[in-house]
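I am opening a notebook on this structure and will write down what I look up, entry by entry.

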Amino acid sequence: MEAVVKPLEYIFLTLYLVVFVISLIRFPLYKDSPLKYFPLILLFTVITEFLGGYIRDFIGTSNLIIFNIYYFFYFTLFHYVFLKAIEEAHFKKYIKVGIVLFWISYLRDILLVDIFNYSFIASYIVGAGVLIFCIILYYISVLQSSLVLVIKNDLLFWVSVGLFLFYIGYLPIKIMRTLFFDLTKFYLILLIIQFSLIIVMYLFFLIGFIWMKKR
Amino acid sequence: MDEKEIIVLMAIAIPVTLVIIVIVLFSVFSNRKNKLLKEQEEAKKSFERELAESQIEMREETLRNISWELHDNIGQLMTLAKIQTQLAVDKPELLPEVSDTIGQGIDELRSLSKLINPEALKSLSLVEAITLEIERFNRLKFITSTLEVNGAVVPLESNIQVILFRILQEFFSNTIKHSKASNLTVTLDYTDSQLTICAKDDGIGFDDNDVFLGIGLKNMKTRAKLINSTLSINSEREQGTTLHLNYNFT
């Protein structure tokens, strides 16, 4: 089982780098859209993954603090992207409420959870839940407009599909891993699914970058 | 259910759920896209149908106008010329008057031939087409009419022009036939982003319940909507009727 996990890890780390480089090459096409911060999120993800791996493999201490900080900026940036992309005023209001809820839950985790040794599970669930909610609102907004006619060439659509599938699949895994963390072969199955979900998500990002057209 | 069972269940449920989500998501978007494309196609067909109808109605109106002009204007002039010629047999000094009348008739025929020529009609701008109508109303003494154009004239697509002109022609026709108005004022206001047309008569006006005018108004509104413009017609008994039309260039 571990023989499968390691190559998958290399594949998704390579995909991170490839997608980040392509996001820079295609940047002129979306520099005026709400996704202009997307390369920043991708760079932040690459740095966090490599730094987390370095701490785990070479220093041998818990790397959870890196990921606990990373999630805050990651979710906030994506919430902001959807807040800017959606035009309906009442949807924007819901997203703002969602962002505030996420920040409150994050503050609660900072105060009550050991940031060095434990994952911020509550704020992660809220952040991911709000992101899924933002994506659903974005889909409703697109379906009500004529944007649906050219959706194939819209980068945000492919990014949102990748994120949507990843978080729908990953949230139960995250909860399971946090509640009963134990590296038995059964948990390795979940790890394989998790890595596969990351690869699928980044493949959707890649499709978005390849098919996108300037609006 | 123990941990292992939950994990195995999740390992099966997650991929299955995601595949279902992908299928549902893409079919919803695909259906919506097809529905929108169908609606656009129908809107295009409807526009073309209305455009064709407008062109036919314009031609019919033009033929009616020619008939009126031949009968009421040129016909009268020719009858007068005939009477004057008969009188000139005994009084040759009346011949210059005969010549004047015939000359007037020739001038009217020239104006008329311009109206009949389809190429000339196609090349007319909206302002020129309205000016011709206004001049005709004044020449034939149907109604005292004026046209005011404000701002820099923006050229319009010929299809849009046909629809706008047909809407105005319908309004003019109703004014002349039903309103008993003495004056008609047409104003075209051009800005960078839109054209505002205002046509006002000082006739007897009508009630909203007037079915005949209601149908005409509905036609005008349908056509205005087809070119993404807004149309309103306000009328009150003894207060005249006003048409307001806003057409956005973008």
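**Entry 1: H6 and H7 of chain A.** In this predicted model, I looked up which residues bring these two helices together, and I found A:Ile121, A:Tyr124, A:Ile125, A:Ala128, A:Leu131, A:Ile132, A:Ile135 and A:Tyr138 on the side of H6(A). On the side of H7(A), their counterparts are A:Ser160, A:Leu163, A:Phe164, A:Tyr167, A:Ile168, A:Leu171, A:Lys174 and A:Thr178. Sorted by class, the contact of H6(A) with H7(A) holds 13 nonpolar, two polar and one charged residues. I then noted the geometry: H6 spans residues 121-143 of chain A and H7 spans residues 155-179, and the two pack at about 155° with their axes 10 Å apart. Since angles over 145 degrees count as roughly antiparallel, H6(A) and H7(A) are therefore roughly antiparallel to each other. The crossing in which H6(A) passes H7(A) is left-handed.

**Entry 2: H5 and H6 of chain A.** I next followed H6(A) to another partner, helix H5 of chain A (residues 89-112), and read an angle of about 170° with the axes 8 Å apart. H5(A) and H6(A) are therefore roughly antiparallel as well. H5(A) contributes residues including A:Phe91, A:Tyr94, A:Ile95, A:Gly98 and A:Phe102, while H6(A) contributes, among others, A:Ala122, A:Val126, A:Gly127, A:Phe133 and A:Leu137. The residues of this contact divide into 13 nonpolar, five polar and two charged.

**Entry 3: chain A as a whole.** How many helices and strands does chain A have? I counted eight helices and zero strands, so that, from the N terminus on, the order of elements reads α-α-α-α-α-α-α-α. Along the principal axes, the C-alpha atoms of chain A fill a box of roughly 50 × 35 × 25 Å. I compared the radius of gyration with what a compact globule of 215 residues would have, near 17 Å, and chain A agrees with this at 18 Å.

**Entry 4: H4 and H5 of chain B.** The contact is formed by B:Leu126, B:Ala129, B:Ile130 and B:Glu133 of H4(B), together with B:Gln161, B:Leu164, B:Phe165, B:Leu168 and B:Phe172 of H5(B). By class I noted seven nonpolar residues, one polar and one charged in the contact of H4(B) with H5(B).

**Entry 5: chain B as a whole.** Chain B has six helices and five strands, and its elements run α-α-α-α-β-α-β-β-α-β-β from the N terminus on.

**Entry 6: where the chains meet.** Lastly, I looked up the contact between the two chains, in which 16 residues of chain B touch 18 residues of chain A. On the side of chain B, these residues divide into eleven nonpolar, one polar and four charged.

Technical notes. Residues numbered from 1 in each chain as written. Chains lettered and ligands numbered in written order. Predicted model: local features only at pLDDT ≥ 70, side-chain atom pairs only at ≥ 80, totals over all residues. Axes fitted to C-alpha atoms, helices over the stretch in contact; angles between N-to-C directions. Helix = DSSP H or I, 4+ residues; strand = E, 2+ residues; numbered from the N terminus. Parallel < 35°, antiparallel > 145°, perpendicular 65-115°, else oblique. Left-handed = near helix turned anticlockwise from the far one by under 90°. Contact = placed C-beta atoms within 7 Å. Nonpolar A, V, L, I, M, F, W, Y, C, P; charged D, E, K, R; others polar. Rg over C-alpha atoms; globule rule 2.2 N^0.38 Å.
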